[in-house]
Protein chains: 2
Amino acid sequence: MADIDALRAKMKTIGDHVRTLKAQGASKEEVDAQVAKLQEAKKELAEATGEPLGEEKGKKGRMALKTPKGTRDWAPADMALREHIFSTLSRVFKRHGGSTIDTPVFELKEILAGKYGEDSKLIYDLQDQGGELCSLRYDLTVPFARFLAMNPTQYSNIKRYHIAKVYRRDQPVMTKGRMREFYQCDFDIAGHYDSMVPDAEILCIVCEALTELEIGDFTVKINHRKILDGIFAVCGVPAEKIRTISSAVDKLDKLPWGEVRKEMTEEKGLDPEVADRIGKYVMLKGGPELLDRLKKTELANNKMAKQGMDDMELLFTYLDVFGISEKMSFDLSLARGLDYYTGIIYEVVTQASAPPGFSTIPPVPSAEPQTNGTLPGPSAPSAKPPKKSKKDKDAEGEEEVDESTVGVGSIAAGGRYDELVGMFLTAASGASGSSKKAAGIPCVGISVGVERVFSILNQKAKHDEESRWGRSKETEVFIVAVAEGLLPERMKLAKELWDAGIKAEYMHKAKPKFRAQFDIIDKERVPFAVLLGPDELKNGIVKVKVQKGKDESKDDEGEIVKRDELVSWLKERL
Amino acid sequence: MADIDALRAKMKTIGDHVRTLKAQGASKEEVDAQVAKLQEAKKELAEATGEPLGEEKGKKGRMALKTPKGTRDWAPADMALREHIFSTLSRVFKRHGGSTIDTPVFELKEILAGKYGEDSKLIYDLQDQGGELCSLRYDLTVPFARFLAMNPTQYSNIKRYHIAKVYRRDQPVMTKGRMREFYQCDFDIAGHYDSMVPDAEILCIVCEALTELEIGDFTVKINHRKILDGIFAVCGVPAEKIRTISSAVDKLDKLPWGEVRKEMTEEKGLDPEVADRIGKYVMLKGGPELLDRLKKTELANNKMAKQGMDDMELLFTYLDVFGISEKMSFDLSLARGLDYYTGIIYEVVTQASAPPGFSTIPPVPSAEPQTNGTLPGPSAPSAKPPKKSKKDKDAEGEEEVDESTVGVGSIAAGGRYDELVGMFLTAASGASGSSKKAAGIPCVGISVGVERVFSILNQKAKHDEESRWGRSKETEVFIVAVAEGLLPERMKLAKELWDAGIKAEYMHKAKPKFRAQFDIIDKERVPFAVLLGPDELKNGIVKVKVQKGKDESKDDEGEIVKRDELVSWLKERL
């Protein structure tokens, strides 16, 4: 066993070393050398313990007591925080007239087909057991568009939110929060409305939501697809290269311009002069005043860019009315991955979710913040299916988390997509070409990265002993038998409290030990202990001890309360 | 087209006829003849329309715009009711010290294997795309037991609830609410406690929950596995026949004794004398006084039965303390399907969920209440995987819903299962025989049939125009432009209301028509309309119209409220 422990310690040391190297931006060679060492140690350990590597565990006649790869259980304390996040978001959404829908966890395979590009390989398929071919949903946007296309008259306009699990057969990196089953939280406004009015409300909603979640400072980066496309046009990007050049631009939040330029010219064959012209535009960021600057450039003569700039100008007017303009950063380098965006696009970046040194050094993938070991789900904002581009191997030999998905510090993202619903209507009407395009329903939406919100708030809660998320249940009163068990008496009192809506428990033993009962009270931090003894019963009273300094002036002996006044006494204090 | 319409009408006529025949208990031959006619008409229709039958639709280049078979979307108004049900249940569970967990939607295939008998064929498997073999969860009980087995120290005792979707590849009967994706709602108490204390609390919880859900009158049928097994022993049932005879007994709520006796003797080869002895016991039902009667029989000498009777006696004491004894019916015919029950078992029957004439005529399968077309999910209480036994064909040629699953009028069910967690621990420790049985964690639980609760409450809501479930959103205030659009002014006012926590909306148009705005208010039944016009703005006032007679004394012209007092004015009235 000593050998095994030593091997485990060795693996930990190498692993830490790798992480440090990567955080410092060490060369690939240096990192790879350490990773190779780690793999060797792993093999040694497998031989020493006689246990097969990784997933092979659980074979050999024993049942593997585990959840599938990339999934996890959620314990009660985690669930309490998760419910807090979901209910906060739902409250904000409802305040804005939002209503929620639900769709099945799996869809017909053909509904998802052709929506996610090369990431379609990450879709989970159900086995063909006869009948229809189905797949687990990959996001909530495509099912929403399918729902609208199925009910275009009834839901020609709707503000809908949906908080639900989605599935991606990706290489999980648990410590970084990339999971195969994770929650998404989408809010979208569908319908034909006047320009920028719903768009402004979406941005207002996300600001309110993140503020009420208390995740700390954040900035909303905004841009407009039509301005970007206008830039590419006036700079001379050939039409067929626009999407690929756009995705290179999108990396400017992680890579210096030189790298991005190199990708454009060397990898993607763009004329270097064109790249340089693009560079002058996409490095720009600021507020509404940036629009004035752009209007003095050749962009003013591009019809598409002009439309985009008019939209942005109007949007800023509305954001001013909402008093949230200061949160915005008009950032011409923001491009977003998905092809289906047609108007404004945005991404929210938080200080809390940014990697260490985010604002001073160009972050590398491994500089991702080390999140706690139980961090669930990817941090990827849901409206943006991952777009594979640049991968590393991390210390565990797993593929590095895809930064284009996660976004550095990105905690919410979205944009306007006016044509997705129409795509479904066209496909369902049997029209193969664009000749018979069905009229769609324009949409604009945002996706909040709830798994990342969870990890930020969970981190905060760990530093805060008194945080209510540390509690796995909400019990307000624990009924204690001082002597002789008094089980029926405890039950009777509990029933009175339950019927009054008070959360109460007692120990499920006929004759519990006094200390054992207070152990539960301490462990669960139950605020009130109601003590029952033969004397108290005889005199129609109870003794109440207020726990955890909620009422420090009371002495340790507890307060005498008349039995028939207990409910009102407690209600006053809860 | 005339032909097609005629064919459709013909199919409807035959379909109705079949349902009538079955409701009247017509012979199988009569029904089958009509079903054959129906099938023929279907084929004719397919030929006439050129559309393939059923699932074949959507081929031929067109995309099928639909959800997979046996699944459905949930529209906003349905979701509002569903959330009400879930939050009511959660509130009751939390009041009793419950906390919630979550587990993945899919489990390793081997975790589910061997838990559901012949119904394993209903499990959805994920396609083997490399890596582990996984299946969608079939219920919430097995994942819970797996969770406990993985964390036996940390969760040696827990009151947990779990409301989540489960999956069964069953033949869906949408109109009867049998779906392939549906919600289950389980509450279980795990841990070593004194006899009947957690069991009594579970029954207390289900009574509180059903009362607060306002589903109407209900009765809790209770029995004890050990009493049943004692009865079988003293009556002379061979050990290997106990489970199969037990499942015959379980049908006594749907079939007369004669039928059940026939099944025991003819199908299952039981000695008729033994069957008659059983008959004398299992027809008995009543209250605690039934225990006294039983104690005077030969059962008193059976050790197992004695244990069961002691349990029941103690349980009734506790139920008396909780004041819920009147809700109970000690019913010796209740056997429950699952093999893993080891102690008390129960099933809650409601008047609302019972088929018409339930109490007077022996119900036949087709006498199931006709629920509305959008009724979701099966009515099956979740802790009880279906046990196939007796099937019919219904008018659609689909298999009849399995009554042993649904239970006639059953709305919640459960029992004590002390050995399921131990089964996992034993399997995971690699012990193949029973020699190395791992010590488990005893559990007792209940499963509320939330889909059936939904259909009962949905039915009620339809009869109640004012029901809040008719509303798809909770918007409290709609801001109306009287003239000139005033979009920024409406936005500004909305933001003030949102910041005060008031649910407010305005039309997303620059210059909305007056009538169009009130159409929304009427359709969504928004209680307050706040009117903004140039005069109001100038004078620092707004006009508020109270909708839907909430404040009938106000005249139609609306009330003048000072703009800077609007928030407090509204808050007083909301």
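## Salt bridges and the A–B interface

In this predicted model, A:R416 and A:D199 form a salt bridge whose closest N and O atoms are 2.9 Å apart. A salt bridge here is a side-chain nitrogen of Lys or Arg within 4 Å of a carboxyl oxygen of Asp or Glu. The pair links distant parts of the chain, with A:R416 in strand β10 (residues 410-417) of chain A and A:D199 in helix α6 of chain A, 217 residues apart. Helices (H or I, at least four residues) and strands (E, at least two) are DSSP runs, numbered from the N terminus. Both A:R416 and A:D199 are buried; buried means under 20% relative accessible area, exposed over 50%, and partly exposed in between (1.4 Å probe, protein chains only).

A few notes on conventions: residues are numbered from 1 along each chain as its sequence is written, and chains are lettered from A and ligands numbered from 1 in the order in which they are written. Local features need pLDDT of at least 70, side-chain atom pairs count only at pLDDT 80 or more, and totals for chains, interfaces and linings use all residues, while side-chain values use heavy atoms, with hydrogens and water left out.

Let us stay with helix α6 (residues 197-212) of chain A for a moment. Its 16 residues should span 22 Å at 1.5 Å a residue, and the end C-alpha atoms are 23 Å apart, which agrees; the expected span is 1.5 Å times one less than the number of residues. Of the 16 residues in α6(A), 14 are buried. After α6(A) comes A:E214, with a positive phi near 55°.

Over all chains, the whole structure has 77 salt bridges. Here are four of them, with their N to O distances.

| Residue | Partner | Closest N and O atoms |
|---|---|---|
| A:R416 | A:D199 | 2.9 Å |
| A:R146 | B:D73 | 2.6 Å |
| B:E474 | A:K94 | 3.3 Å |

A:R91 is partly exposed, with a relative accessible area of 43%, and A:E212 is partly exposed at 27%. Both residues also belong to a network of salt bridges that includes A:R95, A:E208, B:K495 and B:D499.

A:R146 and B:D73 form a salt bridge. A:R146 lies in helix α5 (residues 141-150) of chain A and B:D73 in the loop between α2 (28-49) and α3 (76-95) of chain B, so this pair joins two chains. Both A:R146 and B:D73 are buried.

Now to the interface as a whole. Chain A and chain B bury about 8,700 Å² between them, 59% of it on carbon and sulfur atoms; buried area is the accessible area (1.4 Å probe) that two parts lose on being put together, summed over both. A:M63, A:L65 and A:H508 supply 9% of the area that chain A buries against chain B, more than any other three residues. The contact (heavy atoms within 4.5 Å) takes 99 residues from chain A and 101 residues from chain B. The rule finds 16 salt bridges across this interface.

One buried residue to look at is A:K165, in strand β4 (residues 158-167) of chain A, with a relative accessible area of 8%. The residues that A:K165 touches include A:E181, B:D102 and B:T103.

Note on methods: Lists of a residue's contacts leave out its neighbours within four places in sequence.
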